[in-house]
Amino acid sequence: MASGNRALPIENGEVLPAAGGNGEGGNGGSGDGFNRNRSSVDQIDDMRRRLRELEETEREMLAVAAAASHEDPAAAATALEKAEVDACSIYVGNVDYGCLPEEVQEHFQDCGTVNRVTILTDFYGNPKGYAYVEFHEAEAVQNALQLNDTELHGRPLKVCPKRTNVPGMSYHRGRRPFQPYYPPYPAFGRSPRFYPYY
């Protein structure tokens, strides 16, 4: 029998060392299977130690990420300022595409002091049909709401208070999973033909 293909006897579920060619142990000459088992125990202990180190590193990284996720005072201050500005602003819908910001400002001038008029545009610079008007004082918003359904350039305006954007509201809320189309009859390697209705 070749030396590399020795059959190892099994007794009570344990593998016994095979006899070597010169009365040696089955591990090729040293005769001490205990040292081999000892080195595997050391390897397991080393792997456990490395696993503990990785877990500690991960805990530290999670702590740093949690600390970074909390808003710093400057970001909280800007969010508070943004909420105050939104409380003094209105949304104006159904704005004519040819309407200028100065015309929208004149329309809402009687409500209070207008700080800014923003007409939103798309990627190409075309107006989207709605605007935001920011007033100097919050009381002007109630006055501006009275101008709902008034006409500017022959179009009735939709006026409502501007809402404060909530993070995460525009995220994908989920859809049905993709369902592929299976034709009602076997195609046998040919694509089905669809004829137009006449």
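This note concerns strand S3 and the sheet in which it pairs.

1. Basis of the note. The structure is a predicted model, in which local features need pLDDT of at least 70, side-chain atom pairs count only at pLDDT 80 or more, and totals for chains, interfaces and linings use all residues. Residues are numbered from 1 along each chain as its sequence is written, and side-chain values use heavy atoms, with hydrogens and water left out.

2. Burial of S3. Strand S3 spans residues 89-93; strands are DSSP runs (E, at least two residues), numbered from the N terminus. Four of its five residues are buried, so S3 is largely enclosed by the rest of the structure. Buried here means under 20% relative accessible area (1.4 Å probe, protein chains only).

3. Pairing with S5. S3 is joined to strand S5 (residues 127-135) by five bridges in the antiparallel sense; two strands pair if DSSP finds at least two bridges between them. Within this pairing, Ser89 lies opposite Glu134 of S5.

4. Pairing with S8. Strand S8 (residues 158-161) also pairs with S3, antiparallel and over four bridges. Tyr91 has Cys160 as its bridge partner in S8, and Val92 has Val159.

5. The sheet. The order S4-S5-S3-S8 describes an open sheet of four strands with antiparallel pairing. Its edge strands are S4 (114-121) and S8, each of which pairs on one side only. From one strand to the next, the twist averages 20° (axes are lines fitted to C-alpha atoms, and angles run from 0 to 180 degrees between N-to-C directions).

Technical notes
Buried means under 20% relative accessible area, exposed over 50%, partly exposed in between (1.4 Å probe, protein chains only).
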